[in-house]
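The sequence and structure come first.

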Amino acid sequence: TMSDPEILNKKNKKLDFWIWGIASIIFRIILIYFPKNLNLSSRPEVSTPLTNLRRLAEGYWLKQSSISPYAGSMYHGSPLLLSMLGPLTVKKIEGQPNNLLCSLIFVNADFVAALLIRATGHYLQTAYDRSLELLGISTPLGRSEALPSGEIAALVYLWNPLTIVTCLGSSTAPIENLVVILTLCGACAGLAPLAAFGWVMATHFSLYPVILIIPVVLLLGFGPDAPPRKLFIQKKFGKVGMDLSSDKSLKHKEVTTLRVSPMHFSWVNIFHFLFWACLWSIYVLLLCGISLKDYGGLSEMFRRTYGFILCVEDLSPNIGVLWYFFAEVFEFFRGFFLIVFHVNILFMILPLAIRLNHRPCFLAFVYVAISSMLKSYPSVGDAALYLGLLGLFVNELAGKLDILTNAGDMHFSFFLFCGYVGVFLLSPVMHNLWIWRGTGNANFYFATAITYACFQIILVVESVSAMLNHDRFLRKLSTTTTTTAGIS
């Protein structure tokens, strides 16, 4: 039981979170009233051909004029977003900024996403503490003394400058990020219908979240992140000094007693998820078909949305690397390199899933970061999403396990921080020198994109390495605890 000072301290921490959360909303609303929202909607780092609100407004105007919203090359997003946000783009409030209603929706989406990140962190932390107790490690390692990891991650997401500029930049990325986070939160909570809804909507909006089905299945099957499952078997059999392969019947008996541990895979939750995913998919396709019944139907939607993403039809500059490459490559080789770039994402899925199968939520972070590097039309909103998810693992990556060995310490943190700041400060400068002043060329801007990709690679490699070091240290602690228990 907690003492009165501990309860008071816990209440103060919750109050601090709500104060900072509400302050982030007020800060966003103040910035909305700046002249032309600081002109962020025209920045290629913030708004892409898939997320640009101006393109959505153009598509809605075409539909209101009885023309296909996909006519021409303006709109390439979801018909559902067109129906939800389109009417708000034409409503003008006298004396108020343009697209004020849409901006308020994006502010709300950011705040709800932060609350979902906070809830996800709570599920992860509770399950992780329970796993440590099963292993006989009583002290929650690396626990932040200031705030729980979920609240840290939520505040990182709310106050990240990349999240703020995405919210203010007339981009639909906050809604896309919201449904991705909803997927992970539902899976961590074991709510198959919620996880299926988030996954279907995220895939419908931007295609790339389809790869999140692997961490979602692992989350629903095994539960939230835990130490390697091999440690639980070793813990059980280490007490009696018995080889795991010596007695199959005893092994089966011992394993069946571990239903509360991450050893048990729940097929029921998976079947529920697949059922609800099919149900939500049919419902979404039905709504899209009704919306586009006079404009080519679902085939037109797939060609203009997923086809637009996979074929990289728009070569306008962005912070990715594909636009420059396909602007230079010969047309004869275009199809080959399209396959190479997209399959490159798929090649990484299985090895990472095998190595990090006991940490599905962290695996989801890695998948999101990799897809942000290699997707056709990336934006800073993608970085805001995976940096927010990274905050969920601050205890494991902060190097608080062992002061002497710094197990789990993530290297190059300051270098990465400075690199990200430098890239996002230099990118507008290089774009201005190339497009507006004419004193540079495309290589100036592409150099910042290449540098940004390199920093993302370093971030993924170092975070995975730190997490694996954390698991190795847990293995040592578990072995020590088992040996001590056997001697006693």
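In this protein chain, 76% of the contacts (heavy atoms within 4.5 Å) with a separation of 6 or more join residues 24 or more positions apart. The model is predicted: local features need pLDDT of at least 70, side-chain atom pairs count only at pLDDT 80 or more, and totals for chains, interfaces and linings use all residues. Residues are numbered from 1 along each chain as its sequence is written, and side-chain values use heavy atoms, leaving out hydrogens and water.

**Whole chain**
- The chain has 21 helices and zero strands, taken as DSSP runs numbered from the N terminus (helices H or I, at least four residues; strands E, at least two).
- Of its 488 residues, 53% are buried, meaning under 20% relative accessible area with a 1.4 Å probe, counting protein chains only.
- The exposed surface comes to about 22800 Å², with 67% supplied by carbon and sulfur atoms; the areas come from the Shrake-Rupley method with a 1.4 Å probe.

**Helix H3 and its surroundings**
- Eight of the 11 residues of H3 are buried, so H3 is largely enclosed by the rest of the structure.
- Those buried in H3 are Pro79, Leu80, Leu81, Leu82, Leu85, Gly86, Leu88 and Thr89.
- They pack against helices H2 (53-64), H4, H7, H8 (192-206), H12 and H13 (297-304).

**H3 against H4**
- The axes of H3 (residues 79-89) and H4 (residues 100-134) come within 7 Å and cross at roughly 135 degrees; axes are lines fitted to C-alpha atoms over the stretch in contact, with angles from 0 to 180 degrees between N-to-C directions.
- H3 is therefore oblique to H4, on a scale where under 35 degrees is roughly parallel, over 145 roughly antiparallel, 65 to 115 roughly perpendicular and the rest oblique.
- H3 contributes Leu85, Leu88 and Thr89 to this contact, and H4 contributes Leu101, Cys102, Ile105 and Phe106.

**H3 against H12**
- The axes of H3 and H12 (residues 267-291) come within 9 Å and cross at roughly 70 degrees.
- Pro79, Leu80 and Ser83 of H3 meet Val284, Leu287, Cys288 and Ser291 of H12.

**Helix H7**
- In H7 (residues 173-188), 15 of 16 residues are buried.
- At 1.5 Å a residue, H7 should span 22 Å, and its end C-alpha atoms are 23 Å apart, which agrees; the expected span is 1.5 Å times one less than the number of residues.

Methods: Buried < 20%, exposed > 50% of the residue type's maximum accessible area, 1.4 Å probe, protein only.
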